[in-house]
Amino acid sequence: MQDVVAWLKEHGNLKIIDTPLDVELEIPHVAYIEVKKEDSRPILFTQPINRAKGITYDMPVLMNIFANKALTQDIFGKHPDLVAEGIDELLKLKPPKAFIDKIKMIPKLFSLKNVFPKRLKGRGACQEVVIPKERVDLDALPILKTWEEDGGAFITMGQVYTQSLDGSMQNLGMYRLQQYDKNRLGMHWQIHKDASHFFDQYQRAGKKMPISVAIGGDPLYIWCGQAPMPHGMFEMLLYGFVRGENAQLVKSLTNEIYIPKDVDIVIEGFVDPELTEIEGPFGDHTGYYTLKEPFPVMEVETITMKKNPVFAATVVGKPPLEDKYMGWATERVFLPMLKPMAPDLIDYNMPENGVFHNLILAKMKTLYKGHAMQFMHAFWGVGQMSFVKHAIFVGEDAPKLESFEALTTHILNRLSPERVFITQGIVDHLDHSSSEQFVGGKLGIDATGSEVEASLACLLDDETLLERLQACDGSVVGLKQYFTHTKNPLCVVSVNKNASMKTLMKSVEGLSKHIRVFIIVDAQNNDIDEPYMLVWRVVNNIDASRDVLLKPFIMVDATNKNSLDGFEREWPGDTFCTKSVLDSLQERGIIEIDDAFIQKFGLLPFNQD
């Protein structure tokens with residue numbers, strides 16, 4: 001992959017757009033729409049411009065590198081399950097007892113020499129062009145502004161290389177970076193990340209922290225940047241394991257950090273431990289804006305690059321997105337690393353419309369009562385799994401975890417309030433639904449047992465049940481029932497919210513003969529006929545300790561929270577495309593979508609008052 005663009009032309013059905021398009025909104029909107037298609041492709045924008053600044057860039061923008069499962073597998077060079085098998089073998093390695101065992105182990109041990117990154121002397125291809133500090137201008141890079149309400153332009157696929165204060169540990173993370181001006185970037189590393197922990201060390205010592213941000217190169221570098229490696233392990237070890245060859249690193253020119261020799265662009269600089277600046281808002285991968293918050297500032301010392309660099313970027317927002325396929329690979333590769341803490345785990349799945357950390361489905365071998373609850377505590381107590389908000393466990397007799405309809409039927413036939421476990425714990429930095437930042441409700445469902453005996457006493461059709469509900473509360477405007485063939489049909493209602501939903505929940509208690517699971521969403525910007533996006537909305541919008549009631553039946557308040565609910569934090573808005581941009585792209589033949597596509601994926605606001 002020395003030439004990623006050439007490789008993608010041959011292997012990835014690369015789409016090339018030669019029409020001049022703006023880095024503000026236009027290019028991100030095109031990529032956002034493309035990756036939602038079933039046959040999505042990577043895209044190369046050969047003529048990026050910035051109309052507001054009057055800039056025509058001399059480097060192309062490459063997006064949707066991980067456009068689909070087949071392409072992601074090709075980037076790995078093998079199915080991610082095969083990588084997982086190799087990791088599983090390593091974890092199970094035992095000291096050889098006999099001479100023949102030692103002989104058999106030699107190939108495995110010999111292959112490990114390729115795992116460790118190799119530090120080279122001299123410069124790499126990424127340092128063919130050097131821009132010194134006095135000539136640094138971030139405006140020379142086609143940095144994208146994705147959403148209209150974003151606080152500015154953001155580097156979205158930056159590989160952020162850092163090291164601990166004593167230099168003993170290295171880290172590669174993928175954090176967004178907001179461009180403030182010609183030589184400063186906002187460093188959005190979240191409080192739980194390794195780079196943030198390194199920053200704490202420099203802050204205590206009163207020293208500036210060196211940072212090198214790489215863009216482009218082998219797409220596997222990008223994937224490694226978001227891989228949830230155990231604390232203290234350098235993510236480039238994973239690169240060597242997957243590729244079967246050492247990552248080739250060269251030293252940055254202005255600090256001691258080593259970066260891959262073949263990336264396209266390197267931004268070197270330092271973070272002053274005493275300096276922060278407001279970063280955001282930013283339309284993030286949750287499909288919501290993350291709000292303004294102070295973060296450290298990176299002052300750029302130099303920029304180096306290849307002679308003909310390509311600027312890699314990704315677009316985030318509502319699912320499905322490129323992270324669907326990156327997350328699929330991560331999920332497969334890291335299964336063996338979960339098993340030591342949960343040895344009877346068979347498989348797991350983190351659906352992209354659950355925004356990964358908001359929902360996990362897990363299949364396990366159940367050996368005793370409470371086993372699933374034990375797994376819940378294990379998941380919520382270790383590493384990045386601790387950010388998972390909702391965990392559903394099924395037994396080994398359950399359908400495949402990717403067979404969502406069959407699996408949902410299986411779960412609903414085993415659901416009862418007694419099998420729902422609600423507790424509290426740590427939540428992701430980006431979570432907006434908890435009443436307190438970083439700490440919120442957790443919900444676990446034990447669907448490993450046999451089917452429940454009780455079923456709905458009297459199933460009503462949607463129209464009749466809607467009439468009954470509207471008689472209870474006039475805020476209800478729509479209703480749709482799902483999985484009515486199961487022991488626990490789902491009743492989804494939309495409301496024009498004008499009071500706390502606790503009032504509605506109280507008023508419908510008398511309908512327990514007709515309702516088993518009751519889910520409330522806002523009528524505004526929700527289509528109750530689109531279950532994919534309903535899952536996205538519900539798991540994003542609830543804090544289980546506040547928004548889930550278990551008596552007399554299961555009720556879930558997935559509406560946007562505000563002062564009516566006693567919610568004191570600011571509730572962020574959805575990421576929406578800009579209609580004038582979509583219209584312009586349609587008129588020029590750059591994109592082709594219809595109203596059904598727009599509503600299905602919530603590209604524009606709808607059902608507005």
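Modeller: The lining of the second largest pocket is made up of 32 nonpolar, 5 polar and 7 charged residues, where Ala, Val, Leu, Ile, Met, Phe, Trp, Tyr, Cys and Pro count as nonpolar, Asp, Glu, Lys and Arg as charged, and the others, Gly among them, as polar. This is a predicted model, in which local features need pLDDT of at least 70 and side-chain atom pairs count only at pLDDT 80 or more, while totals for chains, interfaces and linings use all residues. Residues are numbered from 1 along each chain as its sequence is written, and side-chain values use heavy atoms, with hydrogens and water left out.

The volume of the second largest pocket is about 1400 Å³. Of the 44 residues that line this pocket, Asn353, Leu359, Thr408, Pro531 and Val535 are the closest to its centre. A pocket here is an open set of points on a 1 Å grid over the protein atoms alone, with protein on both sides within 12 Å along at least five of seven lines, and its lining residues have an atom within 4 Å of a point.

Both helices and strands contribute to that lining, and at least two residues each come from helices H9 (323-333), H12 (404-412) and H15 (531-541), and from strands E24 (390-395), E26 (439-447), E28 (490-495), E29 (517-522) and E31 (554-557).

A cavity is a set of points where a 1.4 Å probe fits but cannot get out. The largest share of this cavity's lining, 3 residues, comes from H15. The largest cavity has a volume of about 100 Å³. Of the 14 residues lining the largest cavity, Asn525, Asn526, Met533, Gly602 and Phe606 are the closest to its centre, and by class the lining has 5 nonpolar, 4 polar and 5 charged residues.

The residues lining the second largest cavity include Val23, Glu24, Tyr57, Asp139 and Gln179, and its whole lining divides into 6 nonpolar, 2 polar and 3 charged residues. For each of these volumes, grid points are joined across faces, edges and corners, and the volume is the space filled by probe spheres set on the points.

Note on methods:
Helix = DSSP H or I, 4+ residues; strand = E, 2+ residues; numbered from the N terminus.
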